[in-house]
Amino acid sequence: MVEYRIDRRSGVATYLQIVQQTKHALRLGLLEPGDQLPTARAVVEATAINPNTVLKAYRELEREGLVEARRGMGTFVTRSLGAAQPADSPLREELRKWAERARSSGMDKDDVAALFTSVLDQIFEGEQG
Amino acid sequence: MSATSSISLLPRLSGPRWVAAHQHRTTGRVFGGFVAVSFLAVAAFLAVSAGADPKADFAQSADTGMTMLLQRVAGAGMLLPALVGAFVAGPLVARELESGTYTWLWTQSVSPVRWLATKLALVSAVTLSGTAVLVVLFRLARGALSAEAQFSLSWYDTAYEMLGPVQVAMCALGIGVGALVGLLVRKTVPAMVVAGITVLTVAWVFTGLLRKSLWPVETLVSKTPIESLHTPAVWDFADGMLTASGTRVLTETCWGTEGVGKTPEQCMADLGGVQYFADVHPESHFWPLQLIESGLLLVLAGLAVAVAFRVLRGRHAGAS
Amino acid sequence: MSIAAIEAVGLGKRYGRLGKWAVQDCSFRLPQGQICALVGPNGAGKSTLLGQLAGLVRPSRGELRVMGKTPGAARQQLAFLAQEKPLYPQFTIEETLRMGQELNPGHWDAERAARIVKEGDLDPGTKVRELSGGQRTRVALALCLGKQPDLLLLDEPMADLDPLARHQLMGNLLAEAGESGTTVVISSHILAELEGACDYLLLMENGRIRLGGETDELLSAHALLSGPVTEIGAGTTVVESKVTGRHMTALVRRDSEPLGGDWEVVEPTLEELLLAHMRSPQAPALLTPSAEPQAVRAGAGVAA
């Protein structure tokens, strides 16, 4: 089960925050196919956001084929985000080594993050988050 | 008293009646208790005076005690309609407006008009029946008093209201005036004061000014002094002598003539009086006077209620 | 188009014959199912407008329909919570809820009312006078929701609550409203309280509606410009502009695209949008299409 944290100051639309946090949980394997998303009611009660916002986010996830609303039962995960890499995957290992090199070259965490983000932005330009 | 037991005391009330009754249950209990205590006191007194030799000491002291009590009650009787008016104006109506509970009450499925109608119907049922019981008790107790004791509770004097429907009608007027004042003044304490004073003023107008004119006055004429003037049976408001031509010489013009060695009668005779007269209401006028006055009071009460509903409808959209 | 939750045309209210107009020339429409923030400075006329919507205040002029009816006729369908949360202090919570049941025969949801009270860990036997501000608001809200209204009007409901109570109550309220499709109007002069919770917005000032519509659409209808001092095109409505040295920021309506100029253009936040309008009383009113009143009923006279 995921718990959504809504940051009103982030400037990111509330429904997008829910979509992104759900995807994040799917990538990290916190949510797997068959798992149930919290009911809209539970999300609204916990976060005090507009119920339509939650429904909009769930509809968006459904449209992307990640979840499925089953009448009277709730919303269930249908597909994991396959690109997610387990903790011991080669890609992760490469990235870890790269980060260590960056640190030993004198960069601090913020520098590394900025560099990483700018490369990501360059490579995935034009694609929606 | 706990909530559950007081709910079970009112088993058949529902809807707005339940709300109003539940809201004012303490006042209702106090009033009911007062009526019940009065009932017990009068019942005890009737039992004593029926069974006992009237010459016995305790019967006489019961008689004196009850006479004093009834005099007090009759004197305070005027306050009951004023209290009813103050209660309706303040706690019943103005408090809802002052505290803002009307914003909730008047947005329920039950309309404001039904809310007011329910409250007034409920308070009328309790107050008017209770007052009617008090009036009957008063009459029973007075009827059992010795003849001389009844002197001090003559029918046209302070006991007048408590002896008949006028007291009940006064209370009805209190309810009407209270409803209207409560809606207009909208603050609990000022509304209570205004309503109380208004009811007392109306009562005073009837007692002091209107009452004797509500039924044709009888003029007694006699060659000899009219004895019945000095009994509690006759309500006398002008007496004296008539001259041969029929001109009136009032007794009061001759007051103070004892100082010069004349009785008022001699004084009036000197002024040309040949026979005695008196303008009176005999005791037989009691019921006509009571019924007409009650009718007028009920009309006033009805008017006040009608205006109150008009005010309610005029102030608030969707009141009806 | 389905019946609007609220439709007002030229609504006005003046207290006394010569008094100031508390609400004037107020026209807007609120579609059903929205959670609507009614915001504006103190004294803007929010409470008077809510009183009119609730049928407590008779409009001096104009037309008003609530769920397609006059407010008086819609009394079964609407619930109103005044700012003071008036309740009978001598009643227990249980008695207070019973009162709701007695005054709404046939459409009282006792279970729902009890649930809302229970979510606040309240003992039904407690007298109302012993409750804290937040608990009192909760009971008053239970009373409103137990009635199962189609339209719920709340006047500054959270004003005197601590942040935790505010968050919990708002959560309960929104969950209940969302589940039953209730239209909610919440007035407030503190925007932060409503941001995120409301998808519809009415900005009221000096008795008039200045902005009305879906929050998203109102935001995207505006742009926040910043750049060197430049003349803004004549076709563009400038809500507010500020010059600092050679730098200039402006909040404008996107009524003529493209905006032109050497601007950095971003969408304003809700707070920026509202503050800019409140600082600029001359800016024209804006209603999105869904907030434009359709003709109420032709020639229906003053709705009373």
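The legends below accompany close-up views of a predicted model.

The model is predicted, so that local features need pLDDT of at least 70 and side-chain atom pairs count only at pLDDT 80 or more, while totals for chains, interfaces and linings use all residues. Residues are numbered from 1 along each chain as its sequence is written, chains are lettered from A and ligands numbered from 1 in the order in which they are written, and side-chain values use heavy atoms, with hydrogens and water left out.

**View 1. The contact between chain B and chain C.** Chain B brings 34 residues and chain C 30 residues to this contact, where contact means heavy atoms within 4.5 Å. About 2700 Å² is buried between the two chains, 58% of it from carbon and sulfur atoms; buried area is the accessible area (1.4 Å probe) that two parts lose on being put together, summed over both. Across this interface there are 13 residue pairs in polar contact, both residues being at pLDDT 80 or more; a polar contact is a pair of N or O atoms within 3.5 Å, where within protein one must be able to donate a hydrogen and the other to accept it, and residues adjacent in sequence count only if both atoms are side-chain atoms. On the chain B side, helices H1 (3-9), H2 (15-23), H5 (79-99), H6 (101-105) and H12 (286-315) each supply at least two residues, and the largest share, six residues, comes from H2(B). Helices here are DSSP runs (H or I, at least four residues), numbered from the N terminus.

**View 2. The salt bridge between chain B and chain C.** The rule finds one salt bridge across this interface, a salt bridge being a side-chain nitrogen of Lys or Arg within 4 Å of a carboxyl oxygen of Asp or Glu. Arg25(B) and Glu95(C) meet in a salt bridge through their side chains, at 3.6 Å from N to O.

**View 3. The contact between chain C and chain A.** Here 21 residues of chain C meet 14 residues of chain A, and the buried area is about 1300 Å², with carbon and sulfur atoms giving 43%. In chain C, His167(C), Ala175(C) and Gly196(C) lose the most area to chain A, together 30% of what that side buries. Four salt bridges cross this interface; Glu179(C) forms a salt bridge with Arg41(A), with the closest N and O atoms 2.9 Å apart. Helix H3 (110-119) and helix H5 (163-180) of chain C each supply at least two residues of the side that touches chain A, and H5(C) gives the most, with nine residues.

**View 4. The two domains of chain B.** An automatic or database domain assignment divides chain B into domain 1 (15-214 + 285-315) and domain 2 (218-283), whose C-alpha centres lie 39 Å apart. Nine residues of domain 1 are in contact with eleven residues of domain 2, and about 1000 Å² is buried between them, 66% of it from carbon and sulfur atoms. In domain 1, Trp155(B), Tyr156(B) and His285(B) lose the most area to domain 2, together 55% of what that side buries. The count of salt bridges between these domains is zero, whereas seven residue pairs are in polar contact, with both residues at pLDDT 80 or more.
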